Structures are given as C-alpha cells and as structure tokens.
Amino acid sequence: MESSSSSTRREATRQKLYEAAVTLIAEQGFSATTVDEIAERAGVAKGTVYYNFASKSVLFEELLRHGVGLLTASLKEAADKAALEGGRQVDALDAMIRAGLVFIDRYPAFTQLYVAELWRTNRAWQSTLMVVRQQAVAVVEDVLRAGVTNGELSEDIDIPLTAAALVGMVLVAALDWQAFQPERSLDDVHAALSRLLQGRVSGERQ
C-alpha cells in the first residue's frame with residue numbers, strides 16, 4: 001500500500017507535470033508539445049512522465065479533469081460560504097462569479113486551453129471534457145434551482161441553459177479581460193458581471 005509520504009510526493013510530481021504541460025501546450029499547441037519538453041520543463045526524467053501517465057494524451061486528459069475539478073470546487077465553496085452567511089441565492093451566484101474570476105486570474109493558461117478544447121470534436125478526451133464541464137455547470141444549476149424553489153428567482157428560468165450561460169459568461173469575459181483589458185482590476189470586472197447578473201437573473205417570481 002502506498003505510504004502517505006510517497007503519495008504526497010507523487011501528487012507533487014503530478015502537479016509539476018500539470019503545470020509544465022499546460023504552459024507548453026498553451027504556448028505551442030498539443031501536437032507540437034513533446035513528452036521530452038514536458039519532462040524538461042517540470043524538471044523530471046522522461047520516465048517519470050510515463051510512470052505517472054500512460055501517454056501525453058492521458059496526461060492532458062487528467063490535466064483537464066484536475067483543472068476543472070479545481071474550478072468546480074471553488075464554485076461550490078463560494079456558494080456554500082454565501083449560504084452559511086445567510087445570503088440569497090443570487091448572492092451565491094455572485095460569489096461564484098467572483099470565484100470563477102479568481103480561478104481564471106490564477107490559471108489563465110489552463111482556462112485558455114479549456115475553452116479551446118470545448119470547441120474541438122476530434123479529441124480522445126472529449127467525453128471526459130463533457131463530464132467535467134457538466135460537473136461545474138451542475139453547481140450553478142443547484143443554486144438556480146434552489147432560488148426558483150424558494151421563490152427568489154423566476155420559475156420561467158431555463159435552469160440548464162442559464163447555468164451554462166453564466167459559466168460561459170465568466171469564462172469569456174475573463175479571457176477578454178486578460179487579453180484586451182488587462183488594465184482593469186478583478187474587482188472592476190466582477191462589478192460589471194455582478195450588475196449583469198442582478199439585471200438579467202434576479203427578480204421576484206410573479
């Protein structure tokens with residue numbers, strides 16, 4: 001059985017490989033990136049890559065799973081914190097928008113890759129990507145559903161589509177912010193998206 005210290009070391013190695021892979025693939029694309037380059041960037045032997053991942057494709061698939069898992073966890077943590085503080089469901093949605101922006105600000109290269117891969121259809125990891133995407137969207141769906149149930153949000157809301165739209169809004173707005181409006185602060189971008197949320201989603205059920 002793997003010891004705790006061995007497990008911790010392996011996880012640290014995998015994290016270094018994730019960071020190396022996401023940086024290289026963001027710079028030069030998946031096909032142009034080699035396992036040798038990933039190993040060199042991570043500061044490990046090539047064999048270490050294959051010890052942790054069967055192939056470059058498996059590494060990238062696990063990278064997507066890992067990254068979206070972090071995003072999902074941050075969204076849920078934000079929603080749970082808002083609930084503990086007695087906020088409305090719209091407050092939870094607003095907190096998730098900020099959490100999403102913070103995540104993207106911290107992991108811009110991963111976010112660029114993730115958004116790009118969502119539009120590809122010929123990748124081996126497409127089914128995995130759809131599964132992890134839905135996990136992130138489901139967190140938002142839960143909050144919307146609770147808001148409809150308690151009468152805070154309109155019962156006319158299309159929950160799956162609205163949840164996907166909110167996640168997409170944060171992803172696209174954040175990438176636009178970083179690429180074309182980097183002088184703006186995170187607080188500024190969050191305030192703009194918050195006003196959009198309040199104007200488009202919130203409201204008493206008739």
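Glutamate 117 is buried because its relative accessibility is 3%, where buried means under 20% relative accessible area, exposed over 50% and partly exposed in between, with a 1.4 Å probe and protein chains only. The model is predicted: local features need pLDDT of at least 70, side-chain atom pairs count only at pLDDT 80 or more, and totals for chains, interfaces and linings use all residues. Residues are numbered from 1 along each chain as its sequence is written, and side-chain values use heavy atoms, with hydrogens and water left out.

Glutamate 117 belongs to helix 6 (residues 108-118). Helices (H or I, at least four residues) are DSSP runs, numbered from the N terminus. Neighbours within four places in sequence aside, glutamate 117 is in contact with Phe60, Arg123, Trp125, Gln126 and Leu129; contact means heavy atoms within 4.5 Å. Threonine 128 sits in helix 7 (residues 126-149). Its relative accessibility is 9%, so threonine 128 also counts as buried. With neighbours within four places in sequence again set aside, threonine 128 is in contact with Glu61 and Arg65.

Five aromatic pairs were found in a search of the whole structure. Rings of Phe, Tyr and Trp (its six-membered ring) pair if their centres lie within 6.5 Å; planes under 30 degrees apart count as stacked, over 60 as edge-to-face and the rest as tilted. The rings of phenylalanine 30 and phenylalanine 60 have centres 5.5 Å apart and planes at 45°, so this pair is tilted. Distant parts of the chain are linked by the pair. Phenylalanine 30 is in the loop between helix 1 (4-28) and helix 2 (35-42), and phenylalanine 60 is in helix 4, 30 residues apart. Both phenylalanine 30 and phenylalanine 60 are buried. Another tilted pair joins phenylalanine 103 and tyrosine 107, at 4.9 Å centre to centre and 50° between the planes. Phenylalanine 103 is buried, at 7% relative accessibility, whereas tyrosine 107 is partly exposed, at 26%. One aromatic cluster contains Phe103, Tyr107, Phe110 and Tyr114. Lysine 56 lies over the face of phenylalanine 30, 4.4 Å from the ring centre. A charge sits over a ring if NZ of Lys or CZ of Arg is within 6 Å of the ring centre and within 35 degrees of the ring normal.

The whole structure holds one cavity of 30 Å³ or more. On a 1 Å grid over the protein atoms alone, a cavity is a set of points where a 1.4 Å probe fits but cannot get out; a pocket is an open set with protein on both sides within 12 Å along at least five of seven lines, and lining residues have an atom within 4 Å of a point. The largest cavity has about 140 Å³ of space. Its lining comprises 13 residues, with Leu75, Met96, Leu166, Val167 and Val170 nearest the centre. Helix 4 (56-84), helix 5 (89-106) and helix 8 (159-180) each give two or more residues to this lining. Helix 5 gives the most, five residues. The lining has 12 nonpolar residues, one polar and no charged. Ala, Val, Leu, Ile, Met, Phe, Trp, Tyr, Cys and Pro count as nonpolar, Asp, Glu, Lys and Arg as charged, and the others, Gly among them, as polar.

The largest pocket has a volume of about 250 Å³. Residues lining this pocket include Tyr114, Trp119, Arg133, Val167 and Gly168. Helix 8 supplies the largest share of the lining, five residues.

Key
Grid points are joined across faces, edges and corners, and a volume is the space filled by probe spheres set on the points.
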